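These are my notebook entries on one protein chain. I recorded what I looked up, entry by entry.

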Amino acid sequence: MSVGNALKEARMNVGVTQEQVAQKLFVTRQMVSRWEQDKTLPNVHVLKTLSVLYGIPIDFMSGIIHYWACALSSR
């Protein structure tokens, strides 16, 4: 599972829109969309906030990021 897919699934599980996430994080809805499409990655401070918002342990979030980074580096 990609980072974007995991973020989208987590967001949908708590029943919030990209716009609502964007407002809580003081970013644009387009930025949230870019994260979910794997076009960019949220920084560590955003990941911390997302883990609280989505009710997911930060260790899980950072594990996804690590897995994704390793997959990219092996290309």
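**Entry 1. The chain as a whole.** I began with burial: of the 75 residues of the protein chain, 36% count as buried. Here buried means under 20% relative accessible area, exposed over 50%, and partly exposed in between, with a 1.4 Å probe and protein chains only. The model is predicted, and local features need pLDDT of at least 70, side-chain atom pairs count only at pLDDT 80 or more, and totals for chains, interfaces and linings use all residues. Residues are numbered from 1 along each chain as its sequence is written, and side-chain values use heavy atoms, with hydrogens and water left out.

I then looked up the secondary structure and found five helices and zero strands. From the N terminus on, the elements run α-α-α-α-α. Helices (H or I, at least four residues) and strands (E, at least two) are DSSP runs, numbered from the N terminus.

The accessible surface of the protein chain comes to about 4,900 Å², and 57% of this belongs to carbon and sulfur atoms. Accessible areas come from the Shrake-Rupley method with a 1.4 Å probe; for residues, only the protein chains shown count as cover.

I also checked how far along the sequence the contacts reach. Among contacts between residues at least 6 apart in sequence, 54% join residues at least 24 apart; a contact means heavy atoms within 4.5 Å.

**Entry 2. The nonpolar core.** Which residues of the largest nonpolar core touch the most other members? I noted Leu-7, Val-21, Leu-25, Trp-35, Leu-50, Tyr-54 and Met-61, out of 15 residues in this core. α1, α2, α3 and α4 each supply at least two residues of the core, and the largest share, four residues, comes from α4. A nonpolar core is a set of buried Ala, Val, Leu, Ile, Met, Phe, Trp, Tyr and Cys residues joined through side-chain atoms within 4.5 Å. In soluble globular proteins, nonpolar side chains tend to be buried together.

Leaving out residues up to four places away in sequence, Leu-25 touches Trp-35, Val-46, Thr-49 and Leu-50.

**Entry 3. The pairing of α1 with α4.** These two helices pack at an angle of about 35 degrees, and their axes are 9 Å apart. Axes are lines fitted to C-alpha atoms, for helices over the stretch in contact, and angles run from 0 to 180 degrees between N-to-C directions. From α1, the contact is made by Leu-7, Ala-10, Arg-11 and Val-14; from α4, it is made by Leu-50, Leu-53 and Tyr-54. By class, I recorded six nonpolar, no polar and one charged residues. Ala, Val, Leu, Ile, Met, Phe, Trp, Tyr, Cys and Pro count as nonpolar, Asp, Glu, Lys and Arg as charged, and the others, Gly among them, as polar.

Entry 4. Is Tyr-54 buried or exposed? Tyr-54, in helix α4, counts as buried because its relative accessibility is 7%. Beyond its neighbours within four places in sequence, Tyr-54 is in contact with Leu-7, Ala-10, Arg-11, Val-14, Val-16 and Val-21. The C-alpha atoms of Tyr-54 and Val-14 are separated by 6.2 Å, although the two residues are 40 residues apart along the chain.

Val-16 is found in the loop between α1 (3-14) and α2 (18-25).

**Entry 5. Ser-51.** Helix α4 (residues 44-54) also holds Ser-51, which is buried at a relative accessible area of 7%. Its contacts, not counting residues up to four places away in sequence, are Ile-56, Pro-57, Ile-58 and Met-61.

**Entry 6. Helix α3.** In α3 (residues 29-36), I listed Val-32, Ser-33, Trp-35 and Glu-36 as buried. Seen down the helix axis, these residues fall within an arc of 155 degrees, so they line one face of α3. The arc is that of the directions from the helix axis to the C-beta atoms. The buried residues of α3 pack against α1, α2 and α4.

**Entry 7. Positive phi values.** Phe-26 is not a glycine, yet has a positive phi of about 60 degrees. Phe-26 sits in the loop between α2 and α3 and is exposed, with a relative accessible area of 77%. Asp-38, also not a glycine, has a positive phi of about 60 degrees. Asp-38 lies in the loop between α3 and α4 and is partly exposed at 24% relative accessible area.
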